[in-house]
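Here are a few worked exercises on helix packing and pockets. Have the model open beside you and try each task before reading its solution.

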Amino acid sequence: MDPLVILFVGMLVVVGGVLAFRLHAFVALIGGALVVAALTPTAALEHYAENQVAKGEMHAKAAEKFVKSSIGDRVAIGFGRTCADIGILVALASIVGKCLLDSGGADRIVRSSMRWLGEAQAPLAFLISGFILGIPVFFDTVFYLMIPLGKALYARTGKNYLLYVLSMVA
């Protein structure tokens, strides 16, 4: 099967799970990973294992074991590797984001930029604030920090809420 078709089916499972079935994003991602693992042909697994052996990142016995492993084992191994690579970084960024939210630091950064630029330039203020807040934390955390501020400004001004949200995203 073509790898792009497999990718598309996996994305369809994730997006469909979240939007149509209202699954939690983690459950939808695991479901998508299981579907992709099930659709991946053995030849592709063998090719991947051969490349890993050639690079010296995997021993021949480990490569053979990987090719023969079950779908669930491959998903678990991939999830474990991802957690090992970025898990601590994500956890620490979430802690910093929560501290910014609870301490009022995020609110102060946004309000300061709004004071400097004025309400007429609110989208630019959100853009600059999002950039500053994005330095220590990830995009999704910044988005969750700024959305309540955008809602409050929209309630106060009645101006283009979509423009506020898009400037936060940018």
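**Exercise 1.** How are α2 and α5 oriented to each other?

*Solution.* Before we start, a word on the source: this is a predicted model, in which local features need pLDDT of at least 70 and side-chain atom pairs count only at pLDDT 80 or more, while totals for chains, interfaces and linings use all residues. Residues are numbered from 1 along each chain as its sequence is written, and side-chain values use heavy atoms, with hydrogens and water left out.

Step 1: find the helices, α2 (25-39) and α5 (71-103). Helices (H or I, at least four residues) are DSSP runs numbered from the N terminus, as are strands (E, at least two).

Step 2: take the angle, which is about 125°, with the axes 9 Å apart. Axes are lines fitted to C-alpha atoms, for helices over the stretch in contact, and angles run from 0 to 180 degrees between N-to-C directions.

Step 3: classify. Angles under 35 degrees count as roughly parallel, over 145 as roughly antiparallel, 65 to 115 as roughly perpendicular and the rest as oblique. α2 and α5 are therefore oblique to each other.

Step 4: list the contacts (heavy atoms within 4.5 Å). Phe26, Ala33, Leu34, Ala37 and Ala38 of α2 meet Ile71, Gly72, Arg74, Val75 and Phe79 of α5. These residues divide into 8 nonpolar, 1 polar and 1 charged, where Ala, Val, Leu, Ile, Met, Phe, Trp, Tyr, Cys and Pro count as nonpolar, Asp, Glu, Lys and Arg as charged, and the others, Gly among them, as polar.

**Exercise 2.** Which element supplies the largest share of the lining of the largest pocket?

*Solution.* Step 1: a pocket, on a 1 Å grid over the protein atoms alone, is an open set of points where a 1.4 Å probe fits, with protein on both sides within 12 Å along at least five of seven lines; lining residues have an atom within 4 Å of a point.

Step 1: the largest pocket holds about 490 Å³, a volume being the space filled by probe spheres set on the points, which are joined across faces, edges and corners. Of its 17 lining residues, Ala33, Arg74, Val75, Gly78 and Phe79 lie nearest the centre.

Step 2: α5 gives the largest share, 7 residues. By class, the lining has 12 nonpolar, 3 polar and 2 charged residues.
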